[in-house]
Amino acid sequence: MKAYLTRRYKFSASHRLHSPEFSEQENRRMYGKCNNPHGHGHNYKIEVTVSGEPVADTGMICNLADLDGFVDREIMPQFQFSNLNQLDAFRDVVPTTENLSRELFHLFRDKFRLAKVEKIRIEETMMNSFEYAGGGQLRPVPNQEVYDR
Amino acid sequence: MVYLTRRAEFSASHFYHNPKLSPEENRRVFGKCNNPHGHGHNYTLEVTVAGEVDARSGFVIDLKDLKEIMAREVLDGMDHRHLNEEVPEFSDRIPTTENLAIAIWNRLVDKLRGAKLYRVRVYETDDLFVDVYGEA
């Protein structure tokens, strides 16, 4: 049976929401406090969901040590205690959490080869969260076979 | 369609060991989880059922029934148990969170009189959980 494993990570980073597409005044109106030129920060909670059939020999979709190792190598050095605006990915892209979700999804999807990456979910604060599945469905439709019982 | 989720907690011990692998391989693959004396978790189980709201009762499923089914089918056999030693599904399968979620799905799927099982989610810790939806 297919299973979906979700692992939660945390990093802290700063950002400023500002778009060169808009005037200073429009930026202030659109982004409000988030447009403060000095930036501000969040403790981001990142959830990555991978899927697959558990391997018979291990009972695992993929070894968590490998997923944690990937995050330690490929994600944390860039993002932990960073200023998101300074990262290459956000040179021409506003570092909203929408765009951060997309960036992280593509990093995982392109570089983590040991399981299918289904989805990224980010809590920017306790009060808001964002999910991105690369344009795919966030969660499966109800299983018709079960539904018909 | 309305989705209803009920949560329950149970505590159990387990360890990861595959008798087909050498002791060194077991330690390499499973790390600390290979400790033969086992270790434990407070698992949180979330069972989500899907269905239309019954016009007379206003329910998708009677929560009291769902609670009893979860207790009878899952908690009675797993709470304060050693998963490797006392839960039959794990006599020949490693009690990872993946396999635990699948075992719980299989225990519940035919027991929910009238309602339909949509998802089983098992949290091993706050930072790790597994979902199954009964997909082949």
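This is a predicted model: local features need pLDDT of at least 70, side-chain atom pairs count only at pLDDT 80 or more; totals for chains, interfaces and linings use all residues.
Residues are numbered from 1 along each chain as its sequence is written, and chains are lettered from A and ligands numbered from 1 in the order in which they are written. Local features need pLDDT of at least 70 and side-chain atom pairs count only at pLDDT 80 or more, while totals for chains, interfaces and linings use all residues; side-chain values use heavy atoms, with hydrogens and water left out.

**Figure 1. Overview of chain A.**
Chain A has 4 helices and 5 strands; helices (H or I, at least four residues) and strands (E, at least two) are DSSP runs, numbered from the N terminus. Read from the N terminus, the order of elements is β-α-β-α-β-α-β-β-α. Along the principal axes, the C-alpha atoms of chain A fill a box of roughly 55 × 40 × 25 Å. Chain A has 149 residues, and 48% of them count as buried. Buried means under 20% relative accessible area, exposed over 50%, and partly exposed in between (1.4 Å probe, protein chains only). Among the contacts in chain A with a separation of 6 or more, 68% are between residues 24 or more positions apart. Contact means heavy atoms within 4.5 Å.

**Figure 2. The interface of chain A and chain B.**
On this interface, 27 residues of chain A are in contact with 33 residues of chain B. The two chains bury about 2,700 Å² between them, and 57% of that area is on carbon and sulfur atoms. Buried area is the accessible area (1.4 Å probe) that two parts lose on being put together, summed over both. Between the chains there are 11 residue pairs in polar contact, with both residues at pLDDT 80 or more. On the side of chain A that touches chain B, strand S1 (3-15) and helix H4 (144-147) are the elements that give two or more residues. S1(A) provides the largest share, 6 residues. By class, this side of chain A has 14 nonpolar, 5 polar and 8 charged residues. Here Ala, Val, Leu, Ile, Met, Phe, Trp, Tyr, Cys and Pro count as nonpolar, Asp, Glu, Lys and Arg as charged, and the others, Gly among them, as polar. A polar contact is a pair of N or O atoms within 3.5 Å; within protein, one must be able to donate a hydrogen and the other to accept it, and residues adjacent in sequence count only if both atoms are side-chain atoms.

**Figure 3. Strand pairing between the chains.**
S1(A) pairs with strand S5 (residues 128-132) of chain B in the antiparallel sense, over 5 bridges. Two strands pair if DSSP finds at least two bridges between them. A:Ala3 stands opposite B:Val132 in S5(B).

A salt bridge is a side-chain nitrogen of Lys or Arg within 4 Å of a carboxyl oxygen of Asp or Glu. The whole structure holds 22 salt bridges over all chains, and 2 salt bridges are found across the interface of chain A and chain B. The side chain of A:Arg8 meets that of B:Asp127 in a salt bridge at 3.8 Å, N to O. A:Arg8 also forms a salt bridge with A:Glu47, at 2.6 Å, N to O. This second pair links distant parts of the chain, with A:Glu47 in strand S2 of chain A and A:Arg8 in strand S1 of chain A, 39 residues apart. Both A:Glu47 and A:Arg8 are buried. A network of salt bridges links A:Arg8, A:Glu47, A:Arg121, A:Glu123 and B:Asp127.

**Figure 4. Two salt bridges within chain B.**
B:Asp131 and B:Arg121 meet through their side chains in a salt bridge (2.6 Å, N to O). B:Asp131 is in strand S5 of chain B and B:Arg121 in strand S4 (residues 116-125) of chain B, 10 residues apart. Both B:Asp131 and B:Arg121 are buried. A salt bridge also joins the side chains of B:Glu86 and B:Arg81 (3.2 Å, N to O). B:Glu86 is partly exposed, with a relative accessible area of 40%, and B:Arg81 is partly exposed at 33%.

**Figure 5. A:Asn35 in a loop of chain A.**
A:Asn35 lies in the loop between helix H1 (24-31) and strand S2 (40-52) of chain A. A:Asn35 has a relative accessible area of 4% and so is buried. Its side chain makes a polar contact with the side chain of A:His18, at 3.0 Å. Not counting residues up to four places away in sequence, A:Asn35 touches residues including A:Arg16, A:Leu17, A:Glu24 and A:Arg28.
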